[in-house]
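Work through these exercises with the model open beside you. Try each task before you read its solution.

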Amino acid sequence: TTIKMGLFGAGGELVEKWEIPTDTTNDGANILKDISEAVHAKLDEKAIDASRVEGIGIGIPGPVNSQGVVNHCVNLGWGVVPVARDLEKLSGFPVMAGNDANVAAMGEAFIGAGKDAESTVMITLGTGVGAGIVIDGKILAGHNGAAGECGHIHVNDDETEACGCGNHGCLEQYASATGIVRMANRMLADSDEASSLRDIDEFTSKDVFDAAKNGDEFAKKVVHEVCEILGKAIAKICNVVNPEMVVIGGGVSNAGDRLTQPLTQKVKKNTFSADEIGIPPILTARCGDDAGIIGAA
């Protein structure tokens with residue numbers, strides 16, 4: 001819905017941030033042009049000569065390969081788009097492009113919760129579920145830029161509804177903000193149990209966690225189920241990557257300890273040799289909505 005933008009000093013300090021609307025008409029044909037114009041408008045406003053600009057970093061909600069080419073970005077209407085090349089031509093500046101979850105992970109690894117860690121996995125729980133993996137200070141992007149798509153880890157063989165990706169039983173269907181609401185509504189429909197959630201016409205994932213915090217037994221069951229599913233998925237990631245820490249970001253992470261404490265117990269139960277070598281601490285993100293622009297920079 002919006003393109004978040006930031007002006008940074010050469011040392012990585014955020015000077016100013018702003019946003020512009022995302023124009024998804026005509027299959028997103030104007031998006032990169034709008035970004036270039038917004039960059040140059042900010043430079044003019046600040047009287048910054050173009051020769052002083054190191055370059056532009058950009059995070060895209062879709063797979064991005066090492067050449068800065070996006071392969072299928074459904075939310076923007078894009079198919080295959082050479083983002084780095086096209087934005088370089090439009091702006092006149094060098095461009096580096098990456099997946100949005102990956103650059104958010106880089107932001108947290110740079111100055112956020114993962115600042116002192118050599119390896120970090122950041123899982124973003126928002127409208128969907130994404131992850132970025134940082135190993136030795138570098139993003140693990142994968143062969144086609146699609147590494148870290150943990151939202152599509154299969155967690156339920158019996159799911160009848162399709163995920164946005166077309167498969168059934170993906171993690172995103174249970175642990176995203178929309179997935180938590182979907183699961184709570186399902187559980188409400190299958191139960192006569194009293195709950196304050198029944199008094200809210202269209203409750204959010206925050207409402208679910210708030211209700212659980214306030215002692216709503218039904219909401220506690222929903223949160224327990226979310227943490228069961230998400231915890232098992234995180235344990236699988238830890239078994240493969242063995243990160244120094246796991247960072248939880250996105251709107252759902254605002255639940256804080258109500259999310260991280262039960263997740264820690266579930267991850268410990270399902271991680272190889274957890275008793276002998278321990279598990280990575282599970283922390284909430286510190287950079288908030290700025291993680292993406294920080295990591296892109």
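**Exercise 1. Cysteines**

How many disulfides does the count come to?

Solution. The model is predicted, so local features need pLDDT of at least 70 and side-chain atom pairs count only at pLDDT 80 or more, while totals for chains, interfaces and linings use all residues. Residues are numbered from 1 along each chain as its sequence is written, and side-chain values use heavy atoms, with hydrogens and water left out.

Step 1. Take the rule: a disulfide is a pair of cysteine sulfur atoms within 2.5 Å.
Step 2. Apply the rule. The count comes to zero disulfides.
Step 3. Check C165. Its closest cysteine sulfur is in C170, at 3.7 Å, which is too far for a bond.
Step 4. Check C287. It is in no disulfide, and the nearest cysteine sulfur, that of C150, is 19 Å away.
Step 5. Buried means under 20% relative accessible area, exposed over 50%, and partly exposed in between (1.4 Å probe, protein chains only). C165 is partly exposed because its relative accessibility is 39%. C287 has 12%, so it counts as buried.

**Exercise 2. Helix 2**

Solution. 
Step 1. Find the element. Helices (H or I, at least four residues) and strands (E, at least two) are DSSP runs, numbered from the N terminus.
Step 2. List the buried residues of helix 2. Among them are I31, L32, I35, V39 and L43.
Step 3. Ask what covers these buried residues. The cover includes strand 1 (2-8), strand 2 (14-21) and helix 3 (83-91).
Step 4. Look at K42, another buried residue of helix 2. Its charged end sits over the ring of W18, 4.5 Å from the centre. The rule here: NZ of Lys or CZ of Arg is within 6 Å of the ring centre and within 35 degrees of the ring normal.
Step 5. Step past the end. Just after helix 2, A47 takes a positive phi of about 55 degrees.

**Exercise 3. The cores**

Solution. 
Step 1. Define the core. It is a set of buried Ala, Val, Leu, Ile, Met, Phe, Trp, Tyr and Cys residues joined through side-chain atoms within 4.5 Å.
Step 2. Find its size. The largest nonpolar core has 43 residues, and I123, L125, I234, I248 and L259 have the most contacts inside it.
Step 3. Find the contributors. Elements giving two or more residues include strand 7 (119-125), helix 6 (177-189) and helix 9 (257-270). Helix 8 gives the most, with 13 residues.
Step 4. Look for another core. One lies apart, with 23 residues, including I3, V64, W78 and V95.

**Exercise 4. One glycine**

Is G249 buried or exposed?

Solution. 
Step 1. Locate G249. It is found in strand 10.
Step 2. Read its area. The relative accessible area is 0%, so G249 is buried.
Step 3. List its contacts (heavy atoms within 4.5 Å). Leaving aside neighbours within four places in sequence, G249 touches M122, I123, T124, L125 and A285.
Step 4. Compare sequence and space. G249 and T284 are 35 residues apart along the chain, yet their C-alpha atoms are separated by 6.0 Å.
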